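Trainee: I am new to this structure. Please take me through one part of it slowly.

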Amino acid sequence: MHPIRTRPRPRAVSLAVAALVAAATMLGTSPAYAGDDTERPTAPGPITVTAIDTTWVELTWAASTDNVGVVGYAVSALFEDTGRAYSTDTTTIRITDLRPSRTYTLSVAGLDAAGNRSVSNPTLRLTMPPGDTQPPSAPGQPVAYDVAATLVWLRWTPSTDNVVLDRYEVYRVDAGGQLTLVRELYQFPPSPTMAQVSGLTPNTTYTFVVRARDEAGNWSALSPPVTVTTLPPPPSCEVRTVVRQWPDGFVAYLAIENTGTTAVDGWTMTWRFWASQEVRALWGAQVVDRPNNSYLRVRNTSHNAVIRPGGTVLLGIIATGTQLPEEITLNGGVCAAADE
């Protein structure tokens, strides 16, 4: 018997490739396949604004060229560190949902059928026309919720605006009512309405106000002022710690001695305390907050605010975890570990 020979089946040709071959044949040129094309298109020409309003813009540009053919354009509109991407198969586009008075960076790149992308054309920085004349409401009166010798933490009720807030500015009110900018708090993305003002002088009285600005450049009225007196210079202090520990928790007794020559009248104390740890009990102090989730900050009770020279304040804590109290400070001054 003779072996039966079969004829190999022809491979299927995709419609896209077949169309490309037919088009190339009609033009009398050799076909170029997408998989063989590594040449990127040229950069589009500069962007031109053909029409604009407060929330939309129409753009056009000179076409890219390519050894095979340009199939479309990738367009981007960037505001600060965020943006949007668009696409079009022509050399024009209308971009909507923009914000009045915002400054956008616009760019266009050409694309060919093989997925090659041109370099972007020269970017265009475009500030949208103003469409908002309504200022934000005034921020609420700041509250000094944490005061130290050289810094103060302020927080306030947020302003409201008909469009979008851009920032808050915190000012120190100097003698004669002169305003000195001490902090800017940008709201893109929105952030909590609180700020730390540092570089202050111990045992000194300051007055602060806050105002808001929206993206159109409208300013709110000033908030009501807050006046606060910084604490005296950090005292010299010494700490003795007694710890009883188990696998996932501990109880610590702390004795903080004022080794300076002046009395402490009101105090805050911090020590390292990880975010995963929980306070189960605390006596001799009250929790203020956990800055950066790396420290625990406590303050005096009504019965132990004053620590006279040579005096001692006693407190204790029961907590989870294995991170014991260390890097202990009293009113910003580092407490040395006492000899046992």
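Trainee: Let us look at Tyr73. Is Tyr73 buried or exposed?

Mentor: Keep in mind that this is a predicted model. Tyr73 is buried: its relative accessible area is 5%, and the cut-off for buried is under 20%. The structure holds 6 aromatic pairs. One of them joins Trp61 and Tyr73. Trp61 sits in the loop between β2 (57-60) and β3, while Tyr73 sits in strand β3, so the pair ties together parts that are 12 residues apart in sequence. Trp61 is buried too, with a relative accessible area of 5%.

Stay with strand β3, which covers residues 70-79. Val75 has its place in this strand. Val75 is buried, at a relative accessible area of 3%. Beyond its neighbours within four places in sequence, Val75 is in contact with several residues, and Trp61 is among them. Take Ile95. Val75 and Ile95 are 20 residues apart in sequence. From C-alpha to C-alpha, they are 9.5 Å apart in space.

Trp61 is buried, Tyr73 is buried, and Val75 is buried.

Note on methods. Residues are numbered from 1 along each chain as its sequence is written. This is a predicted model: local features need pLDDT of at least 70, side-chain atom pairs count only at pLDDT 80 or more; totals for chains, interfaces and linings use all residues. Side-chain values use heavy atoms; hydrogens and water are left out. Helices (H or I, at least four residues) and strands (E, at least two) are DSSP runs, numbered from the N terminus. Buried means under 20% relative accessible area, exposed over 50%, partly exposed in between (1.4 Å probe, protein chains only). Contact means heavy atoms within 4.5 Å. Rings of Phe, Tyr and Trp (its six-membered ring) pair if their centres lie within 6.5 Å; planes under 30 degrees apart count as stacked, over 60 as edge-to-face and the rest as tilted.
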